[in-house]
Amino acid sequence: MATGSLSSVPKRLRMVEDFSCTRCLEQNLTESADIYCEKCEGFYCKKCVILHSQFHTKHMTCGREDIKKWPVSKAVEDFLRKCEVHEDETLTQFCHYHSQLCCSACVGTIHRYLTHLYSFSY
């Protein structure tokens, strides 16, 4: 059995959180979502889903038991688009030589010697 601590997990990986309640986020609160509504495209905690159900009686929702039906959370999407080298940059280009996504800062530093040999996709 493998054991380890959270400190051995890179900080970048620890930043991805669980699905958060859409309504709570609007109120600057962080509450884990228990339900997803496909019609509203929103995530709801146990408290907020009560109000949602009262206002939208015909909406079909999916609980955590059907989490495979939920879309990728915004936090995960943002995480996947961030450059590992330049944490403030978003991956916007593809280096054909290295077959990897990169940000504009990477193109200007790590991949700059390749710009005249290979094209970059945007």
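This note goes through the predicted model point by point, from the overall fold to single residues.

1. Basis of the note. Because the model is predicted, local features are taken only where pLDDT is at least 70 and side-chain atom pairs count only at pLDDT 80 or more, whereas totals for chains, interfaces and linings use all residues. Residues are numbered from 1 along each chain as its sequence is written, and side-chain values use heavy atoms, with hydrogens and water left out.

2. Overall make-up. The chain has five helices and six strands, where helices (H or I, at least four residues) and strands (E, at least two) are DSSP runs numbered from the N terminus. Read from the N terminus, the elements follow the order α-α-β-β-α-β-α-β-β-α-β. Of the 122 residues of the chain, 26% count as buried, a word that stands here for under 20% relative accessible area, while exposed stands for over 50% and partly exposed for what lies in between (1.4 Å probe, protein chains only). Among the contacts (heavy atoms within 4.5 Å) with a separation of 6 or more, 33% are between residues 24 or more positions apart.

3. An open sheet of three strands has the order 2-1-3 with antiparallel pairing, and two strands are taken to pair if DSSP finds at least two bridges between them. Strand 2 and strand 3 stand at the edges with a single partner strand each, so one side of each has no neighbour in the sheet. From one strand to the next, the twist averages 25°; such angles run from 0 to 180 degrees between N-to-C directions, and the axes are lines fitted to C-alpha atoms, for helices over the stretch in contact. Strand 1 and strand 2 run antiparallel and are joined by three bridges, and isoleucine 35 stands opposite tyrosine 44 in strand 2.

4. Helix 3 against the sheet. Helix 3 packs on the sheet, where it touches strand 1, strand 2 and strand 3, and its direction makes about 120° with that of strand 2. Within helix 3 (residues 46-55), Cys48, Val49 and His52 are buried. These residues lie on the same side of helix 3 because they cover an arc of only 100° around the axis, the arc being that of the directions from the helix axis to the C-beta atoms. Lys46, Lys47 and Gln54 are exposed on the other side of helix 3. The cover over the buried residues of helix 3 includes helix 2 (22-26), strand 1 (35-37), strand 2 (42-44) and strand 3 (61-63).

5. Cysteines. The structure holds zero disulfides, a disulfide being a pair of cysteine sulfur atoms within 2.5 Å. The sulfur of cysteine 45 has its closest cysteine sulfur in cysteine 48, at 3.7 Å, which is too far for a bond. Cysteine 83 likewise has its closest cysteine sulfur in cysteine 106, at 3.7 Å, again too far for a bond. Cysteine 45 is buried at 4% relative accessibility, and cysteine 83 is buried at 3%.

6. Salt bridge. The count comes to one salt bridge, defined as a side-chain nitrogen of Lys or Arg within 4 Å of a carboxyl oxygen of Asp or Glu. Glutamate 26 forms it with arginine 23, with the closest N and O atoms 2.9 Å apart. Both residues lie in helix 2, three residues apart, which is about one turn of the helix, and arginine 23 is partly exposed at 37% relative accessibility.

7. Lysine 69. Lysine 69 sits in the loop between strand 3 and helix 4 (74-81) and is exposed, with a relative accessible area of 58%. Although lysine 69 and tyrosine 36 are 33 residues apart in sequence, their C-alpha atoms are 8.8 Å apart in space.
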